[in-house]
Amino acid sequence: MAGKTRMVLIGGFLGAGKTTLINKIAQQMMSEKRRIGIITNDQGQLLVDTEFIKVRGIDVEEVPGGCFCCNFPKLIENAERLVGNAAPEYIIAEPVGSCTDLIATVALPLKKFYGEMFSTAPLIVLIDGPKLMENAFDKDTLGGYLRSHQAEEAEVLVLTKTDLLGADDVDALVSKLRNINPDAGIICYSAVNDEGFDKIMKVIASDKVTGRRPVDVDYDKYADAEAELGWYNGVFLFDSKGYDAYDLSMMMLRNLAEKYSAKDIAHAKIALTSASSHTKISLIGNEFSIGGVQGSRFGKGESQLNFNARIVSEPDALRASIRDTVKKVMLAKNIAYTMKFDDCFSPGRPNPTHRLK
Ligand SMILES: Nc1nc2c(ncn2[C@@H]2O[C@H](COP(=O)(O)OP(=O)(O)OP(=O)(O)O)[C@@H](O)[C@H]2O)c(=O)[nH]1
Ligand SMILES: [Mg+2]
């Protein structure tokens, strides 16, 4: 690798487990005294995921307001900043979960234009095991089209959340993935029991570079698939004598879940941060999960609630519905709050900086 920073892209659909895995990789590398930097990415700003990484003491930069492919110079700018700050051996980059065509728009441009600076690893794409079980990769639906293309262009496929699946199911899903993409290596992984983690680390630490050709994608369908999602980011501030962050987040997510059909909830996540606590809770479909706790689950004093939701909905309606959810739950808990910021939109048509063949 001699002097080059290893650039690792970890893609996959919303909620597949990218941030969870990247955090594990970072913890492992830091325990081995290896230098690592992370770049998060989103269509909006003020990300639950950036906070999640930052509170764990990891060097993180954010490319907000658009994906890596449409904001390629920003990706490079942030990567150069990380290199300038701490000369990391590895930079792990998490593209937006609704992004695809990453070989043509990110991996190949990195290799072609920045090959002297970075050794770009084979594209890793996470596949949410339970979602693959549910046929969420059916190409007849817009979301399925996007998920399938992400799987087709992967160089390494990681089937995630295997702890939620039976052994027979895992075998069937691996065959299914092999049919979708016969060329990719497949790793089964669980963040709960660490199955497969060593294999992922081997791919990252190897000196193999990205080498596959782009897979054709219909940009009209891709744009429609992204545009059906409402994309909400909001930040709320409050002061409290004490609260259970799990309870507060779950009440909000449960309230939200009652308003939408499970198949339309790509990923809603809430981070609650106070001086003594940081928690992240997710809702994907109708599954709730605890992303992590740093410090205590019990917060007090000045606190911040960060709400990100990607749900199939018209944006204004989604914004109104989340504001209503926050209001109802805070009222029930008797907590006064102010809204610092919120924003809701549908991603525009992808317009990549580069698109190499
Ligand atoms: N049971 C189980 N849950 C997991 C696993 N990996 C991730 N999760 C949970 O899935 C939820 C979503 O994980 P994230 O890491 O936030 O997913 P993401 O791909 O970064 O999502 P976006 O940033 O929205 O695209 C979190 O609550 C995680 O705790 C796993 O292997 N097993
Ligand atoms: Mg994430």
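Helices and strands are here DSSP runs, numbered from the N terminus; a helix (H or I) has at least four residues and a strand (E) at least two. The model is a predicted one.

**Around the ligand**

With elements numbered in that way, α1 gives three residues to the shell around ligand 1, the most of any contributor. Both α1 (18–31) and β12 (287–295) supply at least two residues of this shell. There are 21 residues around ligand 1, and those that come nearest are Gly17, Lys18, Thr20, Gly97 and Ser289. By class, the shell holds five nonpolar, 12 polar and four charged residues. Why is ligand 1 said to lie between domain 1 and domain 2? Residues of the shell come from both domain 1 (5–212 + 219–224) and domain 2 (229–345), so ligand 1 lies between them.

**The two domains**

The domain assignment gives domain 1 as 5–212 + 219–224 and domain 2 as 229–345. Their C-alpha centres are 25 Å apart. The contact between them draws on 15 residues from domain 1 and 21 residues from domain 2. On the side of domain 1 that touches domain 2, helix α2 (residues 48–54) gives the most, with three residues. That side is made up of six nonpolar, seven polar and two charged residues.

**Helix α9**

Which residues of helix α9 (residues 219–227) are buried? Tyr222, Ala225 and Glu226 are buried in this helix. Viewed down the axis of α9, the buried residues fall within an arc of 95°, so they line one face of the helix. An α-helix has 3.6 residues a turn, so residues three or four places apart point the same way. The cover over the buried residues of α9 includes α6 (142–153) and β9 (229–244).

**The chain as a whole**

The chain has 11 helices and 14 strands. Its C-alpha atoms fill a box of roughly 55 × 45 × 40 Å along the principal axes. A compact globule of 357 residues would have a radius of gyration near 21 Å, and the 19 Å of the chain agrees with this. Of the 357 residues, 50% are buried. Among contacts with a separation of 6 or more, 77% join residues 24 or more positions apart.

How values were computed:
Residues are numbered from 1 along each chain as its sequence is written. Chains are lettered from A and ligands numbered from 1 in the order in which they are written. This is a predicted model: local features need pLDDT of at least 70, side-chain atom pairs count only at pLDDT 80 or more; totals for chains, interfaces and linings use all residues. A residue is near a molecule or strand if its C-beta atom, placed from the backbone, lies within 6 Å of it. Ala, Val, Leu, Ile, Met, Phe, Trp, Tyr, Cys and Pro count as nonpolar, Asp, Glu, Lys and Arg as charged, and the others, Gly among them, as polar. Domain bounds come from an automatic or database domain assignment. Two residues are in contact if their C-beta atoms, placed from the backbone, lie within 7 Å. A residue is buried if 20 or more other C-beta atoms lie within 10 Å of its own, exposed if 12 or fewer, and partly exposed in between; C-beta atoms are placed from the backbone. The arc is that of the directions from the helix axis to the C-beta atoms. The radius of gyration is taken over C-alpha atoms; the globule rule is 2.2 Å times the number of residues to the power 0.38.
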